[in-house]
Amino acid sequence: TKCIIHRTDAREYTLYKQLRQIETELNDERFLRCHQSYLVNMNYIREATDVFTLENGEEILIRKKSRKEMHQKFLDYIDSIT
């Protein structure tokens, strides 16, 4: 499976791994699996609505059936770092 890693400096890296494997290897609470196709670093979320809007303006899809849970995880994370 092809995964593209987007960095804040606009660099992109391509990895040939399953996203689930990348998530396991990262083992970092900052990263939230908000959709089957997206793993997002919560430090860069600017707004949470039906999508996560990142600081660069990019919108990341959130699973519809677990949107409430994803929002709560994001709020809990923000609370834990402030």
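Is E69 buried, partly exposed or exposed, and what is its relative accessible area? The points below take up this residue and other features of the structure, which is a predicted model.

1. **The pair E69 and K73.** E69 is partly exposed, and its relative accessible area is 41%. Its side chain forms a salt bridge with that of K73, with an N to O distance of 3.4 Å. The two residues are 4 positions apart in helix α2, which means that about one helical turn separates E69 from K73. K73 is likewise partly exposed, with a relative accessible area of 39%.

2. **Salt bridges around D9.** The whole structure contains 7 salt bridges. A network of such bridges links R7, D9 and R11. Between D9 and R7, the closest N and O atoms lie 2.7 Å apart; between the side chains of D9 and R11, the N to O distance is 3.8 Å.

3. **The largest nonpolar core.** Twelve residues form this core: L32, C34, V40, M42, I45, F52, L54, I60, I62, M70, F74 and Y77. Strand β3, strand β6 (51-54) and helix α2 (67-81) each contribute two or more of them. Helix α2 supplies the largest share, 3 residues.

4. **Surroundings of L54.** L54 is a member of the largest nonpolar core. When residues up to four places away in sequence are not counted, L54 touches V40, Y44, I45, R46 and I60. Of these partners, V40, I45 and I60 also belong to the core.

5. **R33 in strand β3.** R33 lies in strand β3, which spans residues 31-35. Its side chain reaches the backbone oxygen of Q36 at a distance of 2.9 Å. Beyond its neighbours within four places in sequence, R33 is in contact with L19, R20, E23, Y38, L39, R63 and M70. One of these, M70, is part of the largest nonpolar core.

6. **A nonpolar surface patch.** I5, Y13 and L15 form a nonpolar patch on the surface, and together they have about 220 Å² of accessible area. L15 belongs to strand β2, residues 12-16. With a relative accessibility of 32%, L15 counts as partly exposed.

Conventions: Residues numbered from 1 in each chain as written. Predicted model: local features only at pLDDT ≥ 70, side-chain atom pairs only at ≥ 80, totals over all residues. Heavy atoms only, no water. Patch = residues over 30% accessible without salt bridge, like charges linked within 9 Å, V, L, I, M, F, W, Y side chains within 5 Å. Areas by Shrake-Rupley, 256 points an atom, 1.4 Å probe, with all protein chains shown as cover. Salt bridge = Lys/Arg side-chain N within 4 Å of Asp/Glu carboxyl O. Buried < 20%, exposed > 50% of the residue type's maximum accessible area, 1.4 Å probe, protein only. Polar contact = N/O pair within 3.5 Å; in protein donor to acceptor, adjacent residues only side chain to side chain. Contact = heavy atoms within 4.5 Å. Core = buried A, V, L, I, M, F, W, Y, C linked by side-chain atoms within 4.5 Å.
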